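I opened this notebook to keep a record of what I looked up, entry by entry, for someone new to the structure.

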Amino acid sequence: MAFDIDNYAETSEGVGWEDLDFEIFRTDPLPENTLRSLRYMCDVEYHTVCYLRDLLVTPSHKERDVSAFMTMWNREEFWHGEALAAVLQMHGITVDFDELKASRLKLGWADKLGPLKQSLLGNIVGDDFVAVHMSWGAANEWSAVAAYRRLAALEAHPALSPLLKRIAQQETRHVAFYASQARARLEKSKMAQKLTRLALSKAWEPVGSSISEPAEVKHVMGHLFAGQDGVNEARRIDSNIAKLPGMDGLTIVESALRKRGIDLAA
Ligand SMILES: [Fe+2]
Ligand SMILES: [Fe+2]
């Protein structure tokens, strides 16, 4: 089914949490491992603007629907960051931009060549780049839905879980856009399928890997996807990706778990 970009733009709004009783966190605080995962997720959401910056120099931004979507998408992801920062703040953890900027510098985000390289790559493969970008985005958004749903289930906290479910709901709209775009573009071009398969199998890493320390990536992956229920969720992401044209048999999420020594117990 085609994604209605106009309807999406009209109905896009910040994720609300004013009606949730955040004071509960004072008497029923979240455990350390959950706060650590939330911190990671908050950083990823706040960094969306950097992914957007890099993509604005590629052919993707010339596509009307893609650029319209990405404008609203960027705002929604930022609001997710705000909501998670508010939860962390209730636990005395302040997420501020200067700190994020410092970690970006340390991990190479300040590399001025980054966007340039992306641009060169984008222009070399032209339209097919957009197919890769949309497929990559779909994999990331499927991961986001799974991560938020999984954490909501693991915690079952009266204030956190409803918030995470609301965020996951918005992530499903992001999935709908990226996956429908990816499907349509991959169907049209065998070269796009080949490039996308190559990019996903050789270069895809869990969302946040480029901005976080390896220990943090491992923590989040283990927290959310270890054990039978977690692995089932990870395999669901993989099976969604594998249904995209030309992507059958890919298991990039499970491979990422194995690579980090996460206990799959299955
Ligand atoms: Fe998000
Ligand atoms: Fe998203």
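**Ground rules.** I noted that this is a predicted model, in which local features need pLDDT of at least 70 and side-chain atom pairs count only at pLDDT 80 or more, while totals for chains, interfaces and linings use all residues. I also noted that residues are numbered from 1 along each chain as its sequence is written, that chains are lettered from A and ligands numbered from 1 in the order in which they are written, and that side-chain values use heavy atoms, with hydrogens and water left out.

**Overall fold.** I looked up the secondary structure and found 13 helices and zero strands, where helices (H or I, at least four residues) and strands (E, at least two) are DSSP runs numbered from the N terminus. Of the 266 residues in the protein, 51% are buried; buried means under 20% relative accessible area, exposed over 50%, and partly exposed in between, with a 1.4 Å probe and protein chains only. I then turned to contacts (heavy atoms within 4.5 Å): among those between residues at least 6 apart in sequence, 84% join residues at least 24 apart. The accessible surface, from the Shrake-Rupley method with a 1.4 Å probe, comes to about 12,600 Å², and 56% of that surface belongs to carbon and sulfur atoms.

Distant parts of the chain are linked here, since E45 sits in helix α3 (residues 32-46) and E77 in helix α5 (residues 64-89), 32 residues apart. Both E45 and E77 are buried.

**Helix α13 and its cover.** In helix α13 (residues 252-259) I found I252, V253, E254, A256 and L257 buried, and what covers the buried residues of α13 includes α8, α10 (190-203), α11 (214-225) and α12 (227-242). After α13 comes G261, whose phi is positive, near 70 degrees. In α8 (residues 127-155) I looked up A144, which is buried at a relative accessible area of 16%. A144 and V207 are 63 residues apart in sequence, yet 8.2 Å apart in space, C-alpha to C-alpha.

**Salt bridges.** I counted twelve salt bridges in the structure, each being a side-chain nitrogen of Lys or Arg within 4 Å of a carboxyl oxygen of Asp or Glu. In one of them, R39 and D43 meet at 3.2 Å, N to O; being four residues apart in helix α3, they are separated by about one helical turn, and both are buried. R236 and E233, three residues apart in helix α12, pair with their closest N and O atoms 3.1 Å apart; R236 is partly exposed at 47% relative accessibility, whereas E233 is buried at 15%.
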